[in-house]
Amino acid sequence: MVSIENLHKRFNKNVVLNGVDLNIAKGGIFAILGPNGSGKTTLIKSILGMVIPNKGTINVLGKNIKNSSSYRHKIDYLPQIANFPNNLKVGELIKMIKDLRKNTKEDQRLIELFMLQPFLNKKLGNLSGGTKQKVNLVLTFMFDSPLIILDEPTSGLDPISLIRLKHLIQAEKAKGKTILITSHIMSFVEEVSDEIVFLLEGQIYFKGSISELKNKTNQPDFEHAIASILT
Amino acid sequence: MLKILKYSFFDLMRSRWSYVYFAFYLLLGIVLLFLNNDLSKAVITLMNVIIVLVPLIGTIFGVMYYYSSKEFTELLLAQPLKRPSIFLGQYLGVAISLSMSLILGLGIPFIAYGLLKSNTIWDFSLLLITGTFLTLIFTALAFNIALTNENKIKGFGYAILLWLFLAIIYDGLFLMSLVLFEDYPLDKLSLVGTMLNPIDLSRTLILLKLDISALLGYTGAIFKKFFGTNFGLIVSFIMLAVWVVLPVLRIVFKSKKKDF
C-alpha cells in the first residue's frame, strides 16, 4: 500500500526524519507512535506530499508520488488541528470539498452520525474545538478511498463521538481499507490498532504487533511497554 | 485552478475590503469628474493616484490574503490538486477582484459622465489597463514575499519596504545617479532604470500616450526620442508583461518546493 525507502527530512538544521524505511501492507490499522517531535506528522505529511523529503522515495499504491497529485484521490486525510477558513459555513465547506474532489452522498449519513445538523449554517470560526473535529471527521470519511490517514483523530471528542469514531474505523477496516493513525492516547491505540510503528529520533525503532512489543520489552501492559522504550 | 480561483474570488467578494476599495475609486472618480469638469486633467490626477495607490493595495492585500488563507491552503494541499494550480488560483482570485474594484469603481463615474463619446476614452482605457497590470505585478510580488517568509510580521515588513522602495526611494536614487553622473551620456542608463521599475514604467507609458511633454521629464523625453510614441508604448507593454510573468513563474517554482 505504502512503501517508504530511506526517507530523510530536515528543517534547516533540525533533522526530523533520518532514514525511515517502512512498508505498510494492504488492509488493517497501523498506529504510528512516538514521543513529541519524533517526526510522526512529518512522516504523514511526506506521504501526502505536503512536506517534500530531502532524500528517499515514497510509493503509494505502487506509484512514486514525486511530482504527482492525482494519487491523493486514493487518500483520505484527517489533519491534526482542524483549522478551517473561519468565515465559511459548515455546509459550504462540505459542499466545496465535494466540488473539489468528487460528489458523494456519504456526507449526509456522517452528519447525522455526529449530530452536526444544527451546525450546518454556522460559521466555522464560531464552532468549538470538538465540533470542528467532527466536521473534520465528516470531510475525511465521506470519500471512499482505500487509504485513510488520521492524525490525532480523538482530540476534543466527547465519549459518544469517540465510540462512534471507533465503530467507523472498524467498519472501514472491514471494507479492506488501510488506516494509518497517530495518537497519544495509548488505550485508544491498543483498542483499535493491529500493528504499531514506533518512531524514535527520526527512525523506525519498532514495527510489529502489540504483543510482540510487550514480549520485547518484558512489560505486562502496553502503556508501560511504550514507556520503557522511552526511558 | 479555475475552481480555486472561483472560491478565492467569491471569498474576497464577500469581504468588506473589496467594497471599501471599490467605493474609494467610485468616490474619487465622481469627485474628479463632476467637480473638476476637465477630463484630461482628471485623467492626470487619476494617474498620479493610481500609480502610487494600486501597488500599495496590491502588495498589502496579496500578503494579507496569503497569510489569512493559510488554513484553507493547507486543507487544499491534502486534496488531489496540483500545487501551482492552488497558488495561481488564489493569486488570480486576489488580483482579479482588486482589478475589478478598480475598473468598476472608476469606470462607472466615467461612463456616467459621457466618456464613451469623448476622445479621451483611449487615455482612460490605458489608465485602467496600466492599473490592472500594476495590480497583477504587485499582487504577484506580494505572493512571492509571503511564500518565502513564514513569519507574518516579516512578510508584511518586506511588502511595505518593497512598495516604499519602488514607489518612492527608487526615484530618489535614480535622480541622484543622474545628477552624479551628469558628465556622462545617460540615455541608456535612464532607459534601463525606467524599465526596471514597473511604477516608473507605467508613468512613462501613460505620459507618452497623453503626450504632455511638460510632464514627461528627462526619462520620458529619452523614451520618446529613442522609441517614438508608438514603439515606446509597445516596448513598455512588453516590459510590464515581463514584470507579471517573472514573479508568477517564481510562485509556481517556489510553491513546488515548499513544506507545509
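**Figure 1. The overall size of chain A.** With 231 residues, a compact globule would have a radius of gyration (taken over C-alpha atoms) near 17 Å, and the 18 Å of chain A agrees with that. The globule rule behind this comparison is 2.2 Å times the number of residues to the power 0.38. Taken along the principal axes, the C-alpha atoms of chain A fill a box of roughly 50 × 40 × 35 Å. Eight helices and 10 strands make up the secondary structure of chain A; helices (H or I, at least four residues) and strands (E, at least two) are DSSP runs, numbered from the N terminus.

This is a predicted model, in which local features need pLDDT of at least 70, side-chain atom pairs count only at pLDDT 80 or more, and totals for chains, interfaces and linings use all residues. Residues are numbered from 1 along each chain as its sequence is written, while chains are lettered from A and ligands numbered from 1 in the order in which they are written.

Figure 2. The mean pLDDT (the predictor's confidence in each residue, from 0 to 100) of chain A is 88, and 99% of the residues of chain A reach 70 or more. Among the elements of chain A, strand E8 (residues 178-182) has the highest mean, 92, and helix H8 (residues 222-230) the lowest, 83.

**Figure 3. Chain B, element by element.** Here you will find 10 helices and zero strands. The radius of gyration of chain B is 19 Å, close to the 18 Å that the globule rule gives for 260 residues, so chain B is as compact as a globular protein of that length. Along its principal axes, the C-alpha trace of chain B spans about 55 × 50 × 30 Å. Chain B has a mean pLDDT of 87, with 96% of its residues at 70 or more. Within chain B, confidence is highest in H6(B), at 92, and lowest in helix H8 (residues 187-195), at a mean of 82.

**Figure 4. Helices H6 and H9 of chain B.** The axes of H6(B) (residues 121-148) and H9(B) (residues 198-210) come within 10 Å and cross at roughly 170°. Axes are lines fitted to C-alpha atoms, for helices over the stretch in contact, and angles run from 0 to 180 degrees between N-to-C directions. The two helices are therefore roughly antiparallel to each other (over 145 degrees). By class, the contact residues divide into nine nonpolar, two polar and two charged; Ala, Val, Leu, Ile, Met, Phe, Trp, Tyr, Cys and Pro count as nonpolar, Asp, Glu, Lys and Arg as charged, and the others, Gly among them, as polar.

**Figure 5. Helices H3 and H6 of chain B.** The axes of H3(B) (residues 39-68) and H6(B) come within 7 Å and cross at roughly 25°. That makes H3(B) roughly parallel to H6(B) (under 35 degrees). The contact between H3(B) and H6(B) has 19 nonpolar, six polar and one charged residues.

**Figure 6. Where chain B meets chain A.** In this view, 16 residues of chain B are in contact with 17 residues of chain A. Helices H1 (2-14) and H4 (70-77) of chain B each supply at least two residues of the side that touches chain A, and H4(B) gives the most, with five residues. That side of chain B has eight nonpolar, two polar and six charged residues. For the complex, the predictor gives an ipTM of 0.84 and a pTM of 0.88.

How values were computed:
Angles under 35 degrees count as roughly parallel, over 145 as roughly antiparallel, 65 to 115 as roughly perpendicular and the rest as oblique. Two residues are in contact if their C-beta atoms, placed from the backbone, lie within 7 Å.
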